[in-house]
Amino acid sequence: MTSRVGPSRWLGAICGLLAAAIALGIAQLLAGIAAPNSSPADAVGSVVINHTPLSVKLWATSTFGTSDKTVLLTGVFVVVFLYAMVVGVLAARRLAYGFAGLTLFAIIGIAAAVTTHGASPGYALPTLFGALVGAFALYRLIEAAQAMTEAREAREARRPAARGGRVTGALPPLVFGPADAADAADAADAADDGDDKADAGAEAEPDDELRAPDLPLGWHRSGEAGPAPASPPTSAGTDAGAGRPPIQPTPSRPSPLQPTGDRPAWATGSGQAGRRSFLLTAGVTVAAAAIGEVGGRNLGERKNVSAAQAAIRFPKAAVPAPPLPKGVNLPVPGISPFITPNGQFYRVDTAIIVPQVDPTSWTLRIHGMVAREVVVTFDQLLRRPLIEDYITLCCVSNPVDGGYVGNAKWLGASLASLIRSAGPMRGAEQLLCTSVDGFTSGVPLVTVLDGRDSLVAVAMNGTVLPTEHGFPARLVVPGLYGYVSACKWVVDIEVTTWAAAQAYWVPLGWSQQAPIKTESRIDVPASGQQVKAGKTAVAGVAWAQHKGIEAVEVRVDNGPWHEATLAAVPDLDTWRQWVWEWDATGVGPQTIEARATDKTGYTQTSVQEPEAPNGASGYPTSQINVYQ
């Protein structure tokens with residue numbers, strides 16, 4: 001009994017990889033049509049974000065910056081494809097094993113999708129249909145790979161083997177020109193005598209191999225018949241009337257180069273057909289996967305709210321921002337500008353897909369420990385007195401000397417006014433704010449009500465909020481790290497206590513309350529820069545929101561502190577530029593450090609602390625090299 005030869009492991013791995021690709025592509029296409037958040041890859045990515053240990057989150061943020069989500073999704077795809085390759089190897093052994101692996105893949109994707117914030121049972125459909133298409137693709141790919149493998153094995157088994165330096169089954173020698181039978185026989189005898197001498201003492205050749213005496217020799221004209229074959233031998237073993245042995249043709253097997261009416265599979269090109277079938281199936285799979293992935297992403301983006309953003313017209317601010325004083329931007333090349341452009345403003349959030357919220361359907365609900373529940377629409381929010389102010393935001397993940405900090409001009413309604421309209425009850429401590437994607441942040445109620453410009457912001461730097469920064473509305477509370485104060489795409493505020501509810505980051509190891517620490521940063525010269533000896537500007541920014549920066553000092557190689565020159569600022573809630581003119585006289589590597597003092601008299605500490613649980617601390621440094 002002949003055992004069936006299956007595809008190789010690598011061929012099975014390719015089949016599994018292609019099946020996973022089309023499964024993800026079809027799922028992405030259906031998610032783009034229905035709900036982008038139901039994509040299994042994005043849903044699994046969100047689950048990974050929510051369950052990643054704090055130390056890993058910090059490493060990812062510090063290593064990849066704002067590209068951390070792209071790296072995360074890439075990692076998800078890599079893991080899925082490695083798993084798919086294992087499934088393909090198993091399917092090459094037995095198809096049922098591959099289907100079992102795809103079933104597990106579908107279960108994980110469906111579980112991630114239906115547990116997404118705001119998900120419905122329909123969120124399972126993209127993963128389900130994607131898995132079914134993947135299973136069908138795996139079946140067809142394995143089938144094509146099996147056919148190709150069997151054809152190749154048959155070809156290898158039946159390929160003529162080289163014997164005695166000649167190939168058996170080769171074409172017979174050509175016959176040329178006219179000659180009579182006697183001449184042909186004489187020639188045959190001579191050839192036979194030569195062969196007998198050459199083959200003396202050698203092993204006899206196989207019977208099916210053609211030899212020179214087997215065919216008549218001679219010349220004949222084109223179109224004329226050659227010499228007739230010798231007559232069959234008589235009982236005496238001689239030719240009639242000739243006294244010579246007859247010329248006996250030896251039967252030969254069909255050659256793979258000769259046409260035949262009954263050719264084996266390996267000779268009729270079925271091996272080529274099997275290869276073509278596999279390549280065609282693989283190509284169709286790749287094309288369908290690419291179309292699904294690209295089409296699904298594009299369909300998801302078509303649901304964006306750019307048209308709604310362009311149609312918004314903001315009323316004039318009831319409380320405009322103070323005019324920027326002269327000298328707010330120091331003339332130092334490379335220093336951070338006072339206002340951070342929207343495109344350069346840092347972005348740190350948990351959203352794999354940027355939420356696209358239609359302002360016509362957006363509402364903000366305020367409830368919990370209040371005398372009355374308040375619900376406002378976007379139009380109602382714009383009809384409230386709007387406040388404009390310059391406010392610096394900072395992420396708690398910002399390392400010392402890091403870039404997760406920026407300053408912008410914000411426009412929005414007073415958060416304190418909205419909370420007071422609901423009538424917070426005695427004992428209320430926290431505003432648990434929820435984003436449309438389920439993220440939560442906890443803002444101290446007392447901070448919101450102490451008179452600072454806490455805003456439900458709708459515009460940034462004179463334009464409508466970018467979607468990645470919270471359109472249509474987000475919170476901005478000066479003096480608190482973003483993870484407790486800057487909820488983007490905010491849709492719900494529950495007035496509650498610290499004991500009754502924990503915001504998203506608190507169970508993961510971050511502090512429940514997080515006022516921003518007094519910090520500074522060196523922008524120029526950048527660490528690692530070559531600095532020519534002589535006058536050099538050392539400059540950067542410092543911030544202590546709602547306290548204000550009073551002074552910044554700089555030192556080189558643990559020398560004496562030198563007070564820097566400060567730029568002007570419009571109020572206490574923004575960062576402040578500073579510069580110190582340094583006469584770089586020494587040559588070689590040198591270390592520059594800075595520290596800030598706020599208007600309460602507190603000076604930035606030299607104690608190095610990590611970002612968790614409530615913000616990094618320590619002196620910013622710049623390691624440079626001075627040359628002549």
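Analyst: Two strands pair if DSSP finds at least two bridges between them. Helices (H or I, at least four residues) and strands (E, at least two) are DSSP runs, numbered from the N terminus. This is a predicted model, in which local features need pLDDT of at least 70 and side-chain atom pairs count only at pLDDT 80 or more, while totals for chains, interfaces and linings use all residues. Residues are numbered from 1 along each chain as its sequence is written, and side-chain values use heavy atoms, with hydrogens and water left out.

User: Let me start with sheets. What is the strand order in the open sheet of four strands with antiparallel pairing?

Analyst: The order is β13-β15-β19-β18. The edges are β13 (519-524) and β18 (565-566). Each has a single partner strand, so one side of each lacks a neighbour in the sheet. Look at one edge in detail. β13 runs antiparallel to strand β15 (residues 534-543), and five bridges join them. Within that pair, I522 stands opposite G540 of β15.

User: Which strands make up the open sheet of five strands with mixed pairing?

Analyst: The order there is β14-β21-β20-β16-β17. Its edge strands are β14 (530-532) and β17 (562-563), each pairing on one side only. β14 runs parallel to strand β21 (residues 621-627) through three bridges. K532 faces Y627 of β21.

User: Which strand pairs with β9 over five bridges?

Analyst: That is strand β6 (residues 405-414), in the antiparallel sense. A413 is the residue opposite V456 of β9. β9 also pairs with strand β11 (residues 474-476), again antiparallel, over three bridges. V456 has L475 as its bridge partner in β11. Then there is strand β10 (residues 463-464), which runs antiparallel to β9 and is joined to it by two bridges. In that pairing, A459 sits opposite V464.

User: In the hairpin of β9 and β10, which residue takes a positive phi?

Analyst: N461 does, near 55 degrees. The hairpin has two residues between its strands. D401 is not a glycine, yet its phi is positive, about 70 degrees. D401 lies in the loop between β5 (386-394) and β6. D401 is partly exposed, at 25% relative accessible area. H546 is another non-glycine with a positive phi, about 65 degrees. H546 belongs to the loop between β15 and β16 (549-556), and at 30% relative accessibility it counts as partly exposed.

User: Where is a cis peptide bond with F471?

Analyst: Check omega. The bond joining F471 and P472 is cis, with omega about 10 degrees. P472 is in the loop between β10 and β11. The bond from A612 to P613 is also cis, with omega near 10 degrees. P613 lies in the loop between β20 (588-598) and β21.

User: Turn to helices. Which residues of helix α11 (residues 415-422) are buried?

Analyst: An α-helix has 3.6 residues a turn, so residues three or four places apart point the same way. In α11, the buried residues are L415, A416, L418, I419 and A422. Seen down the axis of α11, they fall within an arc of 160 degrees, so they line one face of the helix. The arc is taken from the directions from the helix axis to the C-beta atoms.

User: What does a side-chain oxygen of S414 reach at the start of α11?

Analyst: It comes to within 3.4 Å of the backbone nitrogen of A416. At the other end, G423 follows α11, with a positive phi near 75 degrees.

User: Last, the surface. Which residues form a nonpolar patch on the surface with about 370 Å² of accessible area together?

Analyst: Patches use residues with over 30% relative accessible area and no salt bridge; like charges are joined within 9 Å, nonpolar side chains (Val, Leu, Ile, Met, Phe, Trp, Tyr) within 5 Å. A salt bridge is a side-chain nitrogen of Lys or Arg within 4 Å of a carboxyl oxygen of Asp or Glu. Areas come from the Shrake-Rupley method with a 1.4 Å probe; for residues, only the protein chains shown count as cover. Here the patch is L125, L128, F129 and L132. L132 is in helix α6 (residues 125-158). L132 is exposed, with 53% relative accessible area.

Note on methods
Buried < 20%, exposed > 50% of the residue type's maximum accessible area, 1.4 Å probe, protein only. Polar contact = N/O pair within 3.5 Å; in protein donor to acceptor, adjacent residues only side chain to side chain.
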